[in-house]
Amino acid sequence: AKKKKQVQSISMGQGQEPAARKLIANGTMNGSWVMLQNCHLGLKFMVEVEQTILKMDESVNPAFRLWITCEPHPKFPIGLLQLSIKITNEAPSGIRAGLKSSYAWLNQDVLDAVSQPQW
C-alpha cells in the first residue's frame, strides 16, 4: 500500500520567509516534504535556501524533500538550480489546448465524490 506523504506548502512573497524557514527546519527534523511556491517572488530568500542546503549534513532526516516552484527568472540562483532535479511544465499553445489541460483532471468520479448539492 502506498503511503501518502504530507506536504507542507507556502506561497512566497510578502514576508513569508520566516514561515518558510520554519517549515524547512521542521522538515529536516521530521522528514516531511516542504513546497515553496512562487519562489520568483522571493529571490533573495532563494540564495539563503541554497546556503541552507549546502550546510545540511547527515543529521537531516533522509525522508526530507524540498520542492520549489517558480516562473523562469534570470536572477534565480544558478547554484540552487545546479543542486536540483528540475521538472518543467510548459503550457500548451492555444486556448482550446489550455482549457483541455485545465479540466483534464475533472471526470464523473470526481463530480460524484463532491457532496455539495450545487454540483
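Where is Q14 found? Q14 sits in the loop between β1 (7–11) and α1. The points below start from the overall layout and return to this residue later.

1. Basis and layout. The model is a predicted one. The protein has five helices and three strands. Read from the N terminus, the order of elements is β-α-β-α-β-α-α-α.

2. Overall dimensions. The radius of gyration is 18 Å, whereas a compact globule of 119 residues would have one near 14 Å. Along the principal axes, the C-alpha atoms fill a box of roughly 50 × 35 × 30 Å. Of the 119 residues, 22% count as buried.

3. Surface and charge. The protein exposes about 9,400 Å², and carbon and sulfur atoms supply 55% of that area. There are 13 positive and 9 negative side chains. The centres of these two sets lie 2 Å apart.

4. Contacts along the chain. Consider the contacts between residues at least 6 apart in sequence: 75% of them join residues at least 24 apart.

5. The largest nonpolar core. In soluble globular proteins, nonpolar side chains tend to be buried together. Here the largest nonpolar core has 16 residues, and the members touching the most others are M12, I24, L36, F45, M46 and V49. Two or more residues are given to this core by each of α1 (17–30), β2 (33–37) and α2 (43–54). The largest share, four residues, comes from α2.

6. M46 as an example. Which residues is M46 in contact with, leaving aside its neighbours within four places in sequence? The partners are L36, C39, I68, F76, P77 and L80. Of these, L36 is also among the core members that touch the most others.

7. T28. This residue belongs to helix α1. Is T28 buried or exposed? Its relative accessible area is 14%, under the 20% limit, so T28 counts as buried. Not counting residues up to four places away in sequence, T28 touches M56, S59, V60, N61 and F64.

8. Q14. To return to the opening residue, Q14 has a positive phi of about 50 degrees although it is not a glycine. Q14 is exposed because its relative accessible area, 83%, is over the 50% limit.

9. N38. A positive phi also occurs at N38, about 55 degrees, and N38 is not a glycine either. N38 lies in the loop between β2 and α2. Why does N38 count as partly exposed? Its relative accessibility is 30%, which falls between the limits of 20% and 50%, and therefore N38 is placed in the partly exposed class.

10. V114. The segment after α5 (108–113) holds V114. With a relative accessible area of 31%, V114 is partly exposed. V114 and N38 are 76 residues apart along the chain, and their C-alpha atoms are separated by 29 Å.

11. T88. The loop between α3 (78–83) and α4 (95–102) contains T88. T88 has a relative accessible area of 68% and is exposed. From T88 to H40 there are 48 residues in sequence, and the distance in space is 15 Å, C-alpha to C-alpha.

How values were computed. Residues are numbered from 1 along each chain as its sequence is written. This is a predicted model: local features need pLDDT of at least 70, side-chain atom pairs count only at pLDDT 80 or more; totals for chains, interfaces and linings use all residues. Side-chain values use heavy atoms; hydrogens and water are left out. A nonpolar core is a set of buried Ala, Val, Leu, Ile, Met, Phe, Trp, Tyr and Cys residues joined through side-chain atoms within 4.5 Å. Buried means under 20% relative accessible area, exposed over 50%, partly exposed in between (1.4 Å probe, protein chains only). Contact means heavy atoms within 4.5 Å. The radius of gyration is taken over C-alpha atoms; the globule rule is 2.2 Å times the number of residues to the power 0.38. Accessible areas come from the Shrake-Rupley method with a 1.4 Å probe; for residues, only the protein chains shown count as cover. Lys and Arg count as positive and Asp and Glu as negative; His and the chain ends are not counted. The place of a charge is taken as NZ of Lys, CZ of Arg, CG of Asp or CD of Glu.
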